Amino acid sequence: QPYWQALSEGNLAEILVNLDRADEADLMLQRAFLREEIGMRSFLLPIMSHVRRKQRRFDDAARYSAEGVAAADEEGDLLTRAYAWLEYAEALAANDKHEPAQSAYATARDLFSQAGMQADVERLDALMPLAPVQAKT
């Protein structure tokens with residue numbers, strides 16, 4: 001049951017941050033992290049990065065998103081990895097690190113493509129430069 005509680009708290013935190021209630025999302029995620037459920041870090045860390053971006057704490061966002069990518073690449077499924085890489089790209093872009101952000105976007109795009117998520121691929125195509133960027137999949 002702790003796994004499902006952490007998953008629910010992560011989902012609720014994601015809703016809260018999208019409603020511009022980042023502080024509430026932060027508290028929800030802190031509870032989820034306390035459960036220390038295996039496999040949840042790859043899901044929760046990118047959400048925490050998004051919360052930190054909304055709070056304009058861009059260095060923290062970059063740290064959480066980098067940890068999220070590492071966890072997702074180690075333990076996550078294809079979609080978890082794609083969303084972690086997408087959040088990493090967003091955090092890098094928020095830190096004005098545009099070249100590494102484009103590389104991370106390319107990696108996310110490649111992962112979404114492998115997962116058959118065409119709408120996400122098209123959305124990322126619009127964010128990427130015309131020159132090809134090497135993905136890190």
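Reader: What places Asp60 and Arg63 about one turn of the helix apart?

Author: Both sit in helix H4 (residues 58-75), with three residues from one to the other. A helix here is a DSSP run of H or I with at least four residues, numbered from the N terminus (strands are E runs of at least two). Mind that this is a predicted model, where local features need pLDDT of at least 70 and side-chain atom pairs pLDDT 80 or more, while totals for chains, interfaces and linings use all residues. Numbering starts from 1 along each chain as its sequence is written, and side-chain values use heavy atoms, leaving out hydrogens and water.

Reader: How do you know whether Arg53 and Glu87 are buried or exposed?

Author: Buried means under 20% relative accessible area, exposed means over 50%, and partly exposed is in between (1.4 Å probe, protein chains only). Arg53 comes out at 18% and Glu87 at 8%, so both count as buried. By contrast, Arg57 has 37% and Arg63 has 39%, so those two are partly exposed.

Reader: Which distant parts of the chain does the Arg53 and Glu87 pair link?

Author: Their salt bridge has its closest N and O atoms 2.8 Å apart. Arg53 lies in helix H3 (residues 41-54) and Glu87 in helix H5, 34 residues apart.

Reader: Why are H5 and H6 called roughly antiparallel?

Author: Their axes come within 8 Å and cross at roughly 160 degrees. Axes are lines fitted to C-alpha atoms, for helices over the stretch in contact, with angles from 0 to 180 degrees between N-to-C directions. Under 35 degrees is roughly parallel, over 145 roughly antiparallel, 65 to 115 roughly perpendicular and the rest oblique. The crossing angle therefore makes H5 and H6 roughly antiparallel.

Definitions and conventions: Salt bridge = Lys/Arg side-chain N within 4 Å of Asp/Glu carboxyl O.
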